[in-house]
Amino acid sequence: MFNKLKSVAASAVSTVSDAATASERKIAEFAEAAPDTIHKYADRFSESDLWNKMKTAATTAGQKLMLMVLALFYSLETAAAKDKIMIAGALGYFILPVDLVPDIMPGGYADDLGALSAVYKVVRENITDDTMNRAQNKVDEIFGKNTPVVADTGI
């Protein structure tokens with residue numbers, strides 16, 4: 001009986017591990033394609049929805065994700081027209097509660113982080129130090145002072 005239970009448990013662990021690996025693979029594929037496909041979520045972006053999402057997601061999503069969201073949001077003011085639609089798409093995707101990995105699930109912001117990171121990598125050379133400082137100041141306001149998440153090399 002014990003060997004049968006052990007076998008069933010091992011099978012369950014293997015199934016969960018396979019599902020996690022498949023999920024990680026889907027997230028990686030999504031993030032890789034994000035700069036080319038994320039524009040379709042731009043219509044989901046609104047400033048008020050973004051602030052509402054940040055209020056509810058800040059502690060769960062974490063400082064690094066919030067810094068990236070804020071850096072991209074603030075960069076909309078000075079971004080090139082071709083980048084604005086991509087940034088709005090990434091922010092629109094972040095706002096969606098049900099996406100590749102629903103936000104309420106454990107690890108639910110992994111896909112959001114992937115999409116935001118992919119877009120950030122494309123536009124980061126155009127994000128000014130002032131924009132990053134503004135984003136960091138807002139993160140400090142949300143999470144408390146002395147919580148730097150910006151390194152010399154970026155996020």
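Which charged end sits over the ring of Tyr74? Arg134, with its charged end 4.0 Å from the ring centre. "Over" here needs NZ of Lys or CZ of Arg within 6 Å of the ring centre and within 35 degrees of the ring normal.

Quick caveats. This is a predicted model, where local features need pLDDT of at least 70 and side-chain atom pairs 80 or more, while totals for chains, interfaces and linings use all residues. Residues are numbered from 1 along each chain as its sequence is written, and side-chain values use heavy atoms, without hydrogens or water.

Now the rings. The whole structure holds 3 aromatic pairs. Rings of Phe, Tyr and Trp (its six-membered ring) pair with centres within 6.5 Å; planes under 30 degrees apart are stacked, over 60 edge-to-face, the rest tilted.

Take Phe45 and Phe73. Their centres are 6.4 Å apart and their planes at 55°, so this pair is tilted. Phe45 is in the loop between helix H1 (2-37) and helix H2 (47-61), and Phe73 is in helix H3 (residues 63-75), so the pair ties together parts 28 residues apart in sequence. Helices are DSSP runs of H or I, at least four residues, numbered from the N terminus.

Phe73 also pairs with Tyr74, tilted again: 5.4 Å between centres, 50° between planes. Phe73 is buried at 11% relative accessibility. Tyr74 is buried too, at 8%. Buried means under 20% relative accessible area (1.4 Å probe, protein chains only).

Ring pairs join Phe45, Trp51, Phe73 and Tyr74 into a cluster.

One more charge: Lys53 has its charged end over the ring of Phe94, 5.7 Å from the centre.

Key: Helix = DSSP H or I, 4+ residues; strand = E, 2+ residues; numbered from the N terminus. Buried < 20%, exposed > 50% of the residue type's maximum accessible area, 1.4 Å probe, protein only.
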